[in-house]
Amino acid sequence: MGSTFDRHDSPGMLDADDRLRGDMDASVSNDDMMRGEDAWCDASPLIDEGRLAPGDDPAAVAPTSPRFHMGRFVGWTFALFGTLVLNLVIQVVVGGFGMGMVQGFSMELGELPISEGNAFALVLIFVQVVILMVALPWWLRLRRRSLVPSHAPGSRPPASKVLRSVAGLVLMGVGIQYLIGFVLTLLTLFIPEAIAEYEELMEDAAIGVFSLLSVVSTVLFAPVVEEIFCRGIMFEFALRAVGASRPRDRATSRVPVLSSAFWAANFMQALAFGVLHMNGVQGGYAFILGLILGWVYWRTGNLWYPIALHFAVNGASFLVDPLAPVIDSLPVLPFLAVMLLIFVWGLSIFRREWADPDDPSPSPSPLRADGD
């Protein structure tokens, strides 16, 4: 597309076309015609609102909201949860194969040369590598036409901004980890059996128990794999489900997405992220964390920032047991207040670094569609 009609070879066709199209420019291009057919919204309401003058191209004016289409919603929602099922299938099949191999070695050798926790972490790393091999090329293909805004296309933010942003995310991550611990302790009073089951699961998986393999699995692989799969792929599908779309005209570099549409998509991907953990308690706080991670990704347009926050949350889990004697000796409410302040402090640092008019807000704000 983009080539112009060859109008000078046939004067008869030129006259007929000019009469048909009135005073439209005779050098109109295929792209111009396609933009007219695929315009974001009808020109009449825009003229009535004073946002478009008669004769202007309606495709050049961003609409006030994305269009919702039930067929599109059902299709992309199916794609989102189909992606979730694919992830679960990989976990079950590859994880089952890995655990079978561990049991086979255990029976043959009589005793494993590594602890059960390390064996589980090794299997988990194997599963994560397989998921990464599937997700990474998929995401790299999707991001070419991503609906997540790129706030600085073709350029890198200053190093000082990156450092301050990461510092804010680390503070947020530490605060989130200890706030989660407090909530889980509180829930013990109401759902003791569910919490006991969750703690047994974490103990069997050696989550929070320091070892090289568990650190590699929990702190390094998990943030990268889960962010690519959940924020990179499933969030993209959720955005398309709620009606956001990229304009056909590549010269139009901004896609309008209302705050309500963003949060609807963010809710969908966070829900899928919670289900992905296959445990009610863990899935509950994973859902909340997924909302925050999705917001960070949308705010920055760069997947490395939610990876950094995810890294901080998971990394802080290894501080819980070593610091438990000190923390247990402190008054609960003051300690909780300090953790809340740490989270808010980190959040304020991050928001200050990424506070620009392209972020989701109560009023419509056009967002760049560049996926790079």
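This briefing describes charged residues and helices in the structure above. The model is predicted: local features need pLDDT of at least 70, side-chain atom pairs count only at pLDDT 80 or more, and totals for chains, interfaces and linings use all residues. Residues are numbered from 1 along each chain as its sequence is written, and side-chain values use heavy atoms, with hydrogens and water left out.

**Salt bridges**

- A search of the whole structure finds three salt bridges, each defined as a side-chain nitrogen of Lys or Arg within 4 Å of a carboxyl oxygen of Asp or Glu.
- R164 and E353 form a salt bridge at 2.7 Å, N to O.
- This pair links distant parts of the chain, 189 residues apart, with R164 in helix α6 (residues 159-187) and E353 in helix α12 (residues 332-353); helices are DSSP runs of H or I with at least four residues, numbered from the N terminus.
- E353 is buried because its relative accessibility is 14%, where buried means under 20% relative accessible area, exposed over 50%, and partly exposed in between (1.4 Å probe, protein chains only).
- In helix α8 (residues 212-241), R231 and E227 are four residues apart and therefore separated by about one helical turn; their closest N and O atoms are 2.7 Å apart.
- R240 and E236 pair with closest N and O atoms 3.4 Å apart, and both residues are buried.

**Helix α5**

- E116 has its place in helix α5 (residues 116-142) and counts as exposed because its relative accessibility is 69%.

Technical notes
Helix = DSSP H or I, 4+ residues; strand = E, 2+ residues; numbered from the N terminus.
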